[in-house]
Amino acid sequence: MDTRLGPKRERLSRAEWRARKAAAEQDALLLREMEDRVSALAIHEEELSATEEEITVRLAEQLEQAAILDAEAESKRQSALTESNELIEAARRDREAAVARLVTAEAEARRLESRARKKAEEDTAVADACSGQ
């Protein structure tokens with residue numbers, strides 16, 4: 001800041017002139033500090049903006065990855081459900097086959113028991129006939 005006023009210059013005492021000069025230097029110093037701070041804030045704002053963009057990109061990537069993982073998990077769940085249903089159906093068929101075999105085995109056991117009884121009765125009859133002679 002200029003302490004002179006040009007052709008109509010004020011007449012100042014040396015103390016007044018020094019005071020104005022010191023104030024002008026102080027004002028210039030403060031102005032430079034403010035400009036430096038504004039410059040630093042502008043740089044910091046750019047850094048924050050870049051960081052925000054990086055975070056946005058990372059979040060988008062993470063969301064995409066999460067969607068992929070979710071789709072894979074859903075596919076695996078569907079596959080497991082299908083496999084489970086197939087196993088349940090196979091177990092049902094195996095049970096039905098086992099019941100059918102059991103019914104057949106019980107019928108065969110009754111038939112064999114009946115034959116064994118008849119054979120025992122015949123053997124008893126033959127033994128009685130042989131002992132009665």
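Aspartate 123 counts as partly exposed, at 41% relative accessibility. The model is predicted. By the rule used here, the salt bridges number seven.

**Overall form**
- The C-alpha trace spans about 175 × 25 × 10 Å along its principal axes.

**Surface and charge**
- Of the 133 residues in the protein chain, 2% are buried.
- The protein chain exposes about 12,000 Å², with 57% supplied by carbon and sulfur atoms.
- The chain carries 23 positive and 31 negative charges, and their mean positions lie 6 Å apart.

- Lysine 119 and aspartate 123 form a salt bridge at 3.7 Å, N to O. They sit four residues apart in helix α1, so about one helical turn separates them. Lysine 119 is partly exposed, with a relative accessible area of 46%.
- Arginine 77 bridges to glutamate 74, with the closest N and O atoms 3.0 Å apart. The two are three residues apart in helix α1 (residues 14-131), so they are separated by about one helical turn. Arginine 77 is partly exposed at 44%, and glutamate 74 is partly exposed at 37%.
- Glutamate 89 meets arginine 92 in a salt bridge at 2.1 Å, N to O. Their spacing in helix α1 is three residues, about one helical turn. Both are partly exposed: glutamate 89 at 30%, arginine 92 at 37%.

**Network**
- Salt bridges link Glu89, Arg92, Arg93 and Glu96 in a network.

Methods: Residues are numbered from 1 along each chain as its sequence is written. This is a predicted model: local features need pLDDT of at least 70, side-chain atom pairs count only at pLDDT 80 or more; totals for chains, interfaces and linings use all residues. Side-chain values use heavy atoms; hydrogens and water are left out. Buried means under 20% relative accessible area, exposed over 50%, partly exposed in between (1.4 Å probe, protein chains only). Accessible areas come from the Shrake-Rupley method with a 1.4 Å probe; for residues, only the protein chains shown count as cover. Lys and Arg count as positive and Asp and Glu as negative; His and the chain ends are not counted. The place of a charge is taken as NZ of Lys, CZ of Arg, CG of Asp or CD of Glu. A salt bridge is a side-chain nitrogen of Lys or Arg within 4 Å of a carboxyl oxygen of Asp or Glu.
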